[in-house]
Amino acid sequence: MTEKPDHPDRPEHSGYSDQDVQREVSALQEKSTTAARLFDIRRIIGGLFVVYGVIVTLAGLTDDQAAIDKAQGVNINLWTGLGMLLLGLFFLAWLKLRPTPPPPAVDTEDEPQG
Amino acid sequence: MQTPTLPPTYLAGQLRLPTNWLDYTLLGIYFVVVLGIGFAARRSVRTSLDFFLSGRSLPAWITGLAFVSANLAATEILGMAANSAQYGAYTVHWYWIGAIPAMVFLGLVMMPFYYGSKVRSVPEFLLLRFDRAAHLLSSLLFAFAAILIAGVNLYALAIVVEALLGWPQWVAIVVAGFFVLAYITLGGLSSAIYNEVLQFFVILAALIPITVLALKKVGGWGGLSDTLTKANGDDFVTAWGGTGIGQANPLGANWLTIVLGLGFVLSFGYWTTNFAEVQRALSAKNLSAARRTPLIAAFPKIFIVFLVMIPGLAAAALVPGFGTEKSGYQYNDAIPYLMEGLLPNGVLGVAVTGLLAAFMAGMAANVSSFNTVFTTDVWAKYVVKDREDAYYVRFGRLITVIGVMASIGTAFLASSFSNIMSYLQTLFSFFNVPMFVVFIIGMFWKRASMKSGFWGLLAGTTAAMVNYFVLYKRDIIAIPTDQGANFVSAIAGFVAGAVVMVAVTLFTAPKPAKELQGLVYGTRSPGMAEPPAEGDDAWYRRPALLGWGAVVLAAVCYIPFSFSF
């Protein structure tokens, strides 16, 4: 706990201070590219659930009586499929109405200044 | 962890699910999407902050759903359903008192210090607030526990997949391990979090049909509670029945140990200091989003209990003596039993996918928090310091591979020594408790000295273990069940940690006041002064409203379970 400080401005006993973390993380955050380059997850959720919804709804429409009897007389494939389809469409609509916000101006460059 | 993870024992042999090509198609699509997310997220990783914390840039609804999802691992889903089949409606305590207050506390009170101080991990906060000894101890213990839990998760997955789908255990371990490895190595935390958000919706799509059909089969809630009351007594479908001090109940705990042990100590320890959870909030794009992360998570958490408890109760009502030897089922079989009996192909595939997704997400949450702590807290601070940032990204990827390999190894170990594993898991579950003491005292008491952190951690952990493994296991004090003993041990660890911290503080030097800026209640750091983003002042985004709303809602949910009519 009492080792030599690497820098004179660092406090002797801890070796790593609040300011160090603040400086380091702020610098990294400026160079970070996640905000600019990460895709929007709503597209994936929407896409997957539309596909799932269509497949499972079709399964529900073609289910035989045995499948319906197994599920207590409910056409569970149909209902679940429709539910998933709606959820998928909800995400796609949300994406359409509120598109991904443009990234902060600093981060738009492909090759950042750092 | 906080979940009553039952030892991963064998599922009943007759539970082979009648899956067909349709179910496997749905499962296959999911695996492709999981990998696709990894590849697509890869191009967003440039700095170590991108890899370990998604560049602190994600919106609150994403981090919030990931927060609840990281906890919604399959061991939790199967375990809570098992808990309900065994103990009844007491399960609600793990949600309404054992999660919500702690999540709200994290968002309203603690998050400004975590996020505002810009720390990248929970141990890093300890380094700033206390000293290197506390930091190193907590980092190493956390890293070790994360790998262990990831391995146990993987082993549990292998057992379930073997029973339900007939794959050999090693195939399941290697396949699931590979997918987790691939998507975290490629996309870092962003791909872990995105997959968690996706998993959240898939698991809902799996559990809702099971719950609805199970309720229909037992004749609705009325039929369910009548059957269970006849078979198991009046208290089985109430939350507080039989929990008076001195009364006997199947849980083996009274209201005081439930409120203090589960609701306060265990729950606050898990939700506020477990980095696998807190990491999700630290990746949010600003302080407001970070505070809202656990608060947004609280709302689904309040209602998820119904989706695991009702199937558990229904299984207990449908098969008399479910879980006991003569029924042929384990408690853990509750959800697989209903899947087999109620779901036709199609929805069955969704349910299998949901379960596998939940296993993988549970493992991924541990791996992605492990690689962060190991790289930024152990490697970059004590082993290879001051290298360029790209080095730490490379190292983070490398340690992810090593971490997954280690958990695969742990999973194979667990398959031959499952008793040792559940023992180790209990051992580490006591580690969160003293973490919480150290945090709470460190955050609210300026005087708490630098050295008190380390000794508080050590004393609290030791006390909880001694209470559990010596006093309880050797029958020196009488507690009826493991769960009850867990609660009492947690309280013992909390008290011991607090007492030792105060004692050590009285004899050692405090931290200079200027080094405590933004780390202790009543101080501010420059990071906290960021102006709120546009739109964050909307009424429905106010943390206080969200937080208190969740607490009130959880309290209201208790009402129908608190009185017998």
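Predicted model: local features only at pLDDT ≥ 70, side-chain atom pairs only at ≥ 80, totals over all residues.
## Handedness first

A crossing counts as right-handed if the near helix is turned clockwise from the far one by less than a right angle, and as left-handed if the turn is anticlockwise.

## α3 against α13 in chain B

With the definition in hand, take helix α3 (residues 60-71) of chain B and helix α13 (residues 287-318) of chain B: their crossing is right-handed. The two pack at an angle of about 50 degrees, and their axes sit 7 Å apart. Angles from 65 to 115 degrees would be roughly perpendicular and those under 35 roughly parallel, so α3(B) ends up oblique to α13(B).

Who makes the contact? On the α3(B) side you'll find B:Ala60, B:Trp61, B:Thr63, B:Gly64, B:Phe67 and B:Val68. Facing them from α13(B) are B:Ala289, B:Arg292, B:Thr293, B:Pro294, B:Ile296, B:Ala297, B:Pro300 and B:Lys301. Sorted by class, the residues of this contact come out as nine nonpolar, three polar and two charged.

## α19 against α20 in chain B

Further along chain B, helix α19 (residues 452-472) and helix α20 (residues 482-507) cross at roughly 150 degrees, and their axes come within 7 Å. Anything over 145 degrees is called roughly antiparallel, so that label goes to α19(B) relative to α20(B).

What is the handedness of this crossing? α19(B) passes α20(B) in a right-handed crossing. As for the residues in the contact between α19(B) and α20(B), there are 15 nonpolar and nine polar ones, with no charged residues.

## Chain A, the helical one

Over to chain A, where the secondary structure amounts to five helices and zero strands. Read from the N terminus, the order is simply α-α-α-α-α. Chain A has 114 residues, and 32% of them count as buried. If you look at its contacts between residues at least 6 apart in sequence, 67% join residues at least 24 apart.

## What the record says about chain A

An unreviewed UniProt entry places the feature "transmembrane region" at residues 44-62 and 74-95 of chain A. How do those stretches look in the model? Residues 44-62 of chain A are 100% helix and 0% strand, and the end C-alpha atoms of that stretch are 27 Å apart. Residues 74-95 of chain A come to 91% helix and 0% strand, with 33 Å between the end C-alpha atoms.

Technical notes:
Residues numbered from 1 in each chain as written. Chains lettered and ligands numbered in written order. Axes fitted to C-alpha atoms, helices over the stretch in contact; angles between N-to-C directions. Helix = DSSP H or I, 4+ residues; strand = E, 2+ residues; numbered from the N terminus. Contact = placed C-beta atoms within 7 Å. Nonpolar A, V, L, I, M, F, W, Y, C, P; charged D, E, K, R; others polar. UniProt positions renumbered as here; feature names shortened; annotations may be inferred. Buried ≥ 20, exposed ≤ 12 C-beta atoms within 10 Å, placed from the backbone.
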